[in-house]
Amino acid sequence: MGRISEQDLRAVNFADKIEGQKLNGSLIREIQVDSESSCQFECVNEERCQSYNFGTVKDELEKFKCQLSDSDRFAVISNLTEDNNFTYRGIKSENAVKCLTSITGTVRYNATRKAWEWCNGKVWQPGIGLDATDPGRHCLDILKSGQSRGSGLYWIDPNGGLRNDSYQAFCDMETSGGGWTLISTKVSPSFHFIKTAFLASAARTTDADASSHIHPDMVDWEEVLFRFSDVNTIRVIYNRKAGAPNEDKTYFDKFLMGNTCNQARIIHGFYKYSPADENKRNPSSGFASISYLHFASNHGISESHGGTDKWIDMWNSADSSNNYNTSDDGSALGTKCIAGYC
């Protein structure tokens, strides 16, 4: 039992301390103490206390900082950060010691390994993508390794080299089987979402304009998904390997990987899902070609204005045609349209 609170007895079973770590947020109060034992005593007497940060460096009054928190490191993983001037200690939970089906997905920090682990329902195992020191190559790599914990932020390192260039990316682990790594996000109609400069922060930005391109070390990518951030039943997917290799597809692939382009080509390899198709794959098998798909570094991607308007139109200006299924915003016509929905 982690905490005992009775009329004549108060006791807490503290977990092992984690040196050089500090929990941010959820602060009850900060006090000055003479020792870590005094900090523990304060936590025992504070019913809301679930953990504490103990400052290991004395201040000018020869006191140590004691920060009491009503949360712990399991609540929000990213809140536990490195700080050599602190030691973190939480209340021990007996239920979290053994990895059981009931706590599948729970994350813990192994102080011995100095690494994050997660419970798969049977055993604690290294958590690929949980922090910068143990990233996956990309979201599909994490999914295939059995490390998916649902859609959310994961640490990735596409070049697989030193960990100092790993970064966080939003992984869609649900749509069409999951494993999708976010590249860029378009919110404003005039925004250019595919740019020639790679921006790592764009990979974690889901609700604001953020431009980038496929990471140069993700040379083995197979498909690109276009979807709305809040609706995953409307989507258009481009398959890189569909059909025979040709110059048109090569140009489009290079554009998606950050090369400067201003082309209008017949691009084969698309399929889509939308309410108009009863959310079934269209075409039901194989792939479709988009005639004269426009893709330009300074404008975006757009189906030919003489086309059906039922594929993808994400240009930086309004479309002159209007064959769309529906639109919830007039300014989105021709600028934020997927599978005929704007």
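Predicted model: local features only at pLDDT ≥ 70, side-chain atom pairs only at ≥ 80, totals over all residues.
Residues are numbered from 1 along each chain as its sequence is written, and side-chain values use heavy atoms, with hydrogens and water left out.

Helices (H or I, at least four residues) and strands (E, at least two) are DSSP runs numbered from the N terminus. An open sheet is formed by 7 strands in the order 14-15-16-17-18-19-20, with antiparallel pairing. Its edges are strand 14 (223–228) and strand 20 (337–338); each has a single partner strand, so one side of each is left without a neighbour in the sheet. Two strands are taken to pair if DSSP finds at least two bridges between them. Strand 16 (residues 262–273) and strand 17 run antiparallel and are joined by 7 bridges. Within this sheet, Arg265 stands opposite Leu293 in strand 17. Helix 3 (residues 247–256) lies across strand 14, strand 15 (231–239), strand 16, strand 17 and strand 18 (300–302), and runs at about 85° to strand 16. Here axes are lines fitted to C-alpha atoms, for helices over the stretch in contact, and angles run from 0 to 180 degrees between N-to-C directions.

A nonpolar core is a set of buried Ala, Val, Leu, Ile, Met, Phe, Trp, Tyr and Cys residues joined through side-chain atoms within 4.5 Å. Buried means under 20% relative accessible area, exposed over 50%, and partly exposed in between (1.4 Å probe, protein chains only). The largest nonpolar core has 39 residues, and those with the most contacts inside it are Phe226, Phe252, Leu256, Phe270, Leu293 and Ile301. Strand 17 (residues 288–296) supplies the largest share of this core, 4 residues. Another core, of 15 residues, lies apart from it and includes Val33, Cys39, Phe64 and Ile91.

Ser297 is found in the loop between strand 17 and strand 18, and is buried with a relative accessible area of 8%. Contact means heavy atoms within 4.5 Å; residues up to four places away in sequence not being counted, Ser297 touches His192, Ile194, Thr196, Phe255, Asn259, Thr260 and Cys261. Ser274 lies in the loop between strand 16 and strand 17 and counts as buried at 1% relative accessibility. Leaving aside neighbours within four places in sequence, Ser274 is in contact with Thr233, Ile234, Asn279, Ala339 and Tyr341.

In helix 1 (residues 36–45), Glu36, Cys39, Cys43 and Val44 are buried. These residues cover an arc of only 145° around the axis, which puts them on the same side of helix 1; the arc is that of the directions from the helix axis to the C-beta atoms. Ser37 and Phe41, on the other side of helix 1, are exposed.

Of the 6 residues of strand 3 (residues 18–23), 5 are buried, so this strand is largely enclosed by the rest of the structure. Strand 3 pairs with strand 7 (residues 80–90) in the antiparallel sense over 5 bridges, and Gln21 stands opposite Glu82 in strand 7. Gln50 is placed in the loop between helix 1 and strand 5 (51–55) and counts as partly exposed at 30% relative accessibility.
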